[in-house]
Amino acid sequence: MADPVVRVSGWRRRERRLALLAALPAFLIVAAFMVYPVGFAIYISFTQTNGLRYKWVGLKNYLDILNDPIVRAVFVNNLVFLISVPLLIFVALLVSVLMFEKVRGWKAFRVLFFIPNVLSVALIGTMFRSAFGYYGVVNSAIAATGGQRVSFFTEGSLAIFVIILALVWSGFGYQSLLLLSGLSAIDQQIFEAAALDGAGWWRRLWSITLPNIRMMLGFVFIINVLYTFSSLFGFIYVMTAGGPGYATTTIDYLVFLKAFQPGNLGPGAALAVLLFLFIGILTLVQNRVFRLGKES
Amino acid sequence: MAEETSLLLARKARPPIFIALSLLALTVVYPFVYLVITSLRSNTDYLRNPLGLPAEWTLHNFVVLLNAYGVGDAFMRTLAVAVVAVLIEVVLASLAGYSLARYAVPGGKLITGAFVSVMLIPGQVLIIPIYLMLSKLGLVGSYGGLVLVYVATGLPFATFFMILSYRSLPQDVLEAARVDGAGFFRTYFWVAMPMGVASTATLVMLEFLGKWNELLFALILLPADKQLLTPTLAQIGGKLDTNQPLVSAGLVVTAFVPLLLLVAASNYIMKGMGMIGAK
């Protein structure tokens, strides 16, 4: 007679093997088309190649990238786009604090503010490009009030202004939702006790609300910084194509430009790897800060 | 709708807050209203009075988009690519998520860790190697290649999402099924999947939106005459600066599906996107 324990554990082992089999297709696809390409990109970044023949050039692509004045200028552009981060957080904080008071219709507001998040960056970019175009609604309004039409996309700083506006407009709803979830986690009794002690609304905002969501604010700050470095491609592609000159080109857009320059894929790959490293480090910092905050 | 109002807020402070939020909501909603109105007029009519209402309403722009710019075909292609990619992706992610959440799979921690860490990979790192790999496989310019890329780039988040949702299911129900002798697939199909249907639906919608809105890979992998909707719109927007009503019509067509989805399932979508942020 077979020992029942052995049979059960044999059955368990079979189950576990089946489970592994069920997880395998997803794992293999990710390994083949996400993990392997990253390795491949790193390899390409050390070569001079047209995609058919590869010539090892060591660190040359990286050195070229770091010495390239265009790359430096573009990196500065990314830093300029960081202006959007405090603006975005300010608006999102304002909205979340107001929504937290749960005035009439706050749930509807939540959905309305969320609308831009289901639309593509390319679509929102096209919307802004069209609104700020020569015949767009903004220039029509300027002309109607007797002003001169402004060519927003032929001057770098104006174009950057429009892109930042698009970033804030499309981003604040989602960020305020995140902050709202942080606010909802605060113990309501603290507010009530403070109110009993005579602390007014502003006082409570400053001494209770803000300190309690500072981790959430830090988190929102970092994801927005990450976003400005990795996800402006759609905006730039449809609004300015990086121009005038390189005035609105960001690192992620430059990777796209360099990627399909005829002749040599190496420098594009090197820039992409550097971007990846930069994003990876920022994310590690984020996890570190976030975890430390949770423990304390 | 049941409203619970904060008790701590002075009654007289409520109207100003409501008005402030309403004004902000107007800046979000009005552009869409303006787009719809602009899309329903001719260009000459628009140029005569861009800020007012049209003198004459027309569907002409939509007809032009359909006939001269192939927007109808692009719409159908996008729908097909997105549906197929999401279907494959969610089936694989659901299976993998269930196994990794519920079984001591050999190497399970490693696999889960791999899914989580590749979520960080930006698309820009992938474009060169993916293009070269797909061109070696003869898949550049084909919808199959694009579907493959969409499935692969979507799977890490999708699997992670399913791991989290299967972990949150009550342990005892699944355990009871197993004690009754139901095997892996029985438990999965008859117990776990029905219980996880809400989160699966959320994932389907999020991933569908992601595919519908994707630009970068479609742009580099498909030729102009086989292009999907979002890149087509980007091209029209860039070329036709002088015809606002036509561009507006393109925007309306592209925005229509995501907005419909949001109206139909705002709770699911907002909860799901909240999870993306909280990962």
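Author: What follows starts with helix 6 of chain B and then moves to the contact between the chains and to the salt bridges. This is a predicted model, in which local features need pLDDT of at least 70 and side-chain atom pairs count only at pLDDT 80 or more, while totals for chains, interfaces and linings use all residues. Residues are numbered from 1 along each chain as its sequence is written, chains are lettered from A and ligands numbered from 1 in the order in which they are written, and side-chain values use heavy atoms, with hydrogens and water left out.

Helices here are DSSP runs of H or I with at least four residues, numbered from the N terminus. Helix 6 of chain B covers residues 123-136, which makes 14 residues. The expected span of a helix is 1.5 Å times one less than its number of residues. For helix 6 of chain B that gives 20 Å, and the end C-alpha atoms are 20 Å apart, so the two agree. The helix has a kink of about 30 degrees, centred on B:Pro129; the bend at a residue is the angle between axes fitted to the seven residues ending there and the seven starting there.

Buried means under 20% relative accessible area, exposed means over 50%, and partly exposed lies in between, using a 1.4 Å probe and protein chains only. In helix 6 of chain B, 10 of the 14 residues are buried, so the helix is largely enclosed by the rest of the structure. Just after the helix, B:Gly138 takes a positive phi of about 70 degrees.

Helix 12 of chain B, residues 229-239, is also largely enclosed by the rest of the structure, because 8 of its 11 residues are buried. Its buried residues include B:Pro231, B:Leu233 and B:Gly237.

Next comes the meeting of the two chains. Contact means heavy atoms within 4.5 Å, and the contact takes 90 residues from chain A and 99 residues from chain B. Buried area is the accessible area, with a 1.4 Å probe, that two parts lose on being put together, summed over both. Chain A and chain B bury about 8,300 Å² between them, 80% of it on carbon and sulfur atoms. A:Phe33, A:Met34 and A:Tyr135 supply 9% of the area that chain A buries against chain B, more than any other three residues. Helix 1 of chain A, residues 4-45, gives the most to that side of chain A, with 24 residues.

A salt bridge is a side-chain nitrogen of Lys or Arg within 4 Å of a carboxyl oxygen of Asp or Glu. In chain A, A:Asp68 pairs with A:Lys258, the closest N and O atoms being 3.8 Å apart. A:Asp68 lies in the loop between helix 2 and helix 3, and A:Lys258 in helix 13, so the pair ties together parts that are 190 residues apart in sequence. Both A:Asp68 and A:Lys258 are buried.

In chain B, B:Lys211 forms a salt bridge with B:Glu89, with closest N and O atoms 2.6 Å apart. B:Lys211 is in helix 10 and B:Glu89 in helix 4, so this pair ties together parts that are 122 residues apart in sequence.

Notes
Helices (H or I, at least four residues) and strands (E, at least two) are DSSP runs, numbered from the N terminus.
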